[in-house]
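Here is a quick tour of a two-chain model, meant to be read with the structure open. Have a look around first, then read on.

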Amino acid sequence: MSTVYFIAQQTMYFAIPLLVVALGGMFAERSGVVNIALEGIMIVGAFFGIGFINIYQNTMTGQGLLILAVLVAALSGALFSLFHAFASINLKADQTISGTALNMFAPAFAIYTARMLQGVQQIQFMDTFYIRSVPILGDIPILGPILFKNAYITTYIGLFIALISWFVINHTRFGLRLRACGEHPQAADSVGINVYRIRYAGVIISGILAGIGGLTFVVPTSTNFNATVAGYGFLALAVLIFGQWRTNKVFAAAFFFGIMKTFASAYSGIPFLKGLPISNEVYKMIPYIATLIVLTFSSKNSQAPRAEGIPYDKGSR
Amino acid sequence: MRTKLFQYEGITSFLSSLSAIAAGLLVGLIILLVSNSQDAFPAFVMILKGGFEDGSRGLAQVIYFAIPIIMTGLSVGFAFKTGLFNIGASGQFKMGAFVAIYIGIKWSFVPEEIHWLVALLGAMVAGAVWGSVPGILNAFFNVNVVITSIMMNYIGMYLVNMAIVKTVYDSLKNQTKPVLKSAVLPKAGMDKLFNTSNVSIGIFIVIIAVIAIYIILHKTTFGYELKACGSNREASRYAGINEKKSIILSMVIAGALSGLGGGLLYLSGSGKYIHVLDELAPEGFSGISVALLGMSHPIGIFLAGLFIAHLEVGGFNIQLYNFVPEIIDMIISVIIYCGAFALLFKQIISRFVTKPVIDTDTSGIEPAMISQANDTSDMGGAEDKRGHGEDKI
């Protein structure tokens, strides 16, 4: 049973950042803007979030600091995403171009700034955020060890974001408008919705979530930030497509990938897998191969937003 | 009127590229000034000089940096033309690099004169196989190329790491062993010309590839079909083009180009080895920048690759002033980003220039439409992506 708990706890570390960032991508794409800059935005969010922790960790510790850092990451992600919004909405640029530019800029900026300010590119931080067991909740049988032990507060923030996202996109007026702009912006415009404003909102939300996701990825898995989020932005993009742009499916896809990734990275802690004569690298490949296979059998009907990637031009029909 | 338009088109796209480059360099200068105002100007001059800093050795360094990224740039640009975003150049590159090294070490039975050629062909095949998977899955199962390419990048990286450890591993340095002498690309006097050992006939192979891709895209029916597929999949199917075949072949060729790039880099005899690390090959992602900067046109890609390599050499040199070479990546990203502004700039120019012609024969709606048409043809594949609904990111 302890193995199951171990797997569940590990899965959270991988799945939550993927989930948050993929949901961010969902907001952008369902408003009609493809955001392949998720990777870059994650790096910017993590950079400013971890930088904030690095500066203030001598004056404060614990959950308060982490929550402030999450806010910093969200804000920096939002600001950075404005570049993408401006190029792809106002300038009607090809969205791959500005996304690629942002992806390239972010790690270079993080390395340059860190090295110019402190000599090395790694930004160290002390992990004072680890929660061994949440009071009361951690003692619940079964559910307690799975959800409320060996955790980080970012896990709950992530799950909360998923719930909010589901509600916003499916059950609010804003969500309906967002979806309309991604499916048929001309129709949305004809009933008085400001397509540009909605798309800006979509991209900014994706920036906020990707920024948070970047920090959420770094905090549980490392004690320094090395100007990379290990391709998680691209994986989140994959999770988004895998999840067919729907909140509940994205949730499932993120956890599918998270569990696979857990088997890959922590198999030596799982007695059953440790005994098998399989190379380390094979385990690492499994999440990607499994995703490929699942996609092969589930991609016949793509649910992509129809107007995704097409700049909205008021004059066109 | 048409020829006139084309003339303007060439000039405007050249001007807009120049303005994007100027903007990128300006941002670079500002960053340098902010971080260290004293050394900013000498460092900036050093970046501009780039490969011209160190005589022929500097030029050789530019060529050395340019070879892999031109190849991955060609790969990405070629797939763009068919409306596919080949983000998987990294994995194809790595597969090609590994197979080239493997053949270069293990296939000593091959006649010495053609050993390097066989190794390069092996690299192309490996890249092509790796590229074909996203193509096949997209053509037959409608799986998004972007996501399969990303997955194939990681699978390729782990597979290569595993294969290296099992076959050609130098466990002391955690990298591949050196290839046999016969597998190193012939120098053909280039090393004497440039006075350094980094150069070989690799650049000529790149030039051949550029010309071949140009001919395929612009002078053959096959290339026309690929581009038609990129513009509108449904329409090309209606026109009797086998779009499944086009997609798969496009990815196969793109993969082969990336794989060849990997082979060329690791057989260049410059002391470069694959390290066994969980790290995607960065050349694949540079290829995206090169393709975008070169507007997916083979010759544009060639020049863009040389230009980026030129800046990279400059970035390497400014470490003399204690600056961090990553500034170059920032400059390049700003240049690419300003490509978006450039599009706008181009629109304004072409509207301005074509206006007198239009006014004489048709109504006032035309200029906008024509400038739009210009955009579509200028942007090449990157723009083509908008055309069809099946391959959304």
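Helices (H or I, at least four residues) and strands (E, at least two) are taken here as DSSP runs, numbered from the N terminus. On that basis chain B has 16 helices and two strands. A word on ground rules: this is a predicted model, in which local features need pLDDT of at least 70 and side-chain atom pairs count only at pLDDT 80 or more, while totals for chains, interfaces and linings use all residues. Residues are numbered from 1 along each chain as its sequence is written, chains are lettered from A and ligands numbered from 1 in the order in which they are written, and side-chain values use heavy atoms, with hydrogens and water left out.

**Chain B**

Of the 393 residues in chain B, 57% are buried (buried is under 20% relative accessible area, exposed is over 50%, and partly exposed is in between, with a 1.4 Å probe and protein chains only). Counting contacts (heavy atoms within 4.5 Å) between residues at least 6 apart in the sequence of chain B, 78% join residues at least 24 apart.

Arg57(B) gives a local example. It sits in helix H3 (residues 55-81) of chain B and is partly exposed at 45% relative accessibility. Once neighbours within four places in sequence are set aside, Arg57(B) touches Phe194(B), Asn195(B) and Thr196(B). The C-alpha atoms of Arg57(B) and Phe194(B) are 5.8 Å apart, although 137 residues separate the two along the chain.

**Where the chains meet**

The contact draws 57 residues from chain A and 53 residues from chain B. Together the two chains bury about 4,700 Å², with 75% of it on carbon and sulfur atoms; buried area is the accessible area (1.4 Å probe) that two parts lose on being put together, summed over both. Four residue pairs are in polar contact between chain B and chain A, both residues at pLDDT 80 or more. A polar contact is a pair of N or O atoms within 3.5 Å; within protein, one must be able to donate a hydrogen and the other to accept it, and residues adjacent in sequence count only if both atoms are side-chain atoms. On the side of chain B that touches chain A, helices supplying at least two residues each include H1 (2-35), H5 (115-141) and H14 (327-361).

**Salt bridges**

How many salt bridges does a search of the whole structure find? There are two over all chains, a salt bridge being a side-chain nitrogen of Lys or Arg within 4 Å of a carboxyl oxygen of Asp or Glu.

| Salt bridge | Closest N to O |
|---|---|
| Lys284(A) and Asp278(B) | 2.9 Å |

Lys284(A) is buried at 19% relative accessible area, whereas Asp278(B) is partly exposed at 44%. In the other pair, Arg237(B) is partly exposed at 41% and Glu243(B) is buried at 8%.

**A helix in chain A**

Helix H11 (residues 247-266) of chain A has 20 residues and reaches 28 Å from its first C-alpha to its last, close to the expected 28 Å; the expected span is 1.5 Å times one less than the number of residues. Among the buried residues of H11(A) are Phe255(A), Phe257(A) and Met260(A). The buried residues of H11(A) pack against H1 (2-30), H6 (153-171), H10 (232-242) and H13 of chain A, together with H6 of chain B.
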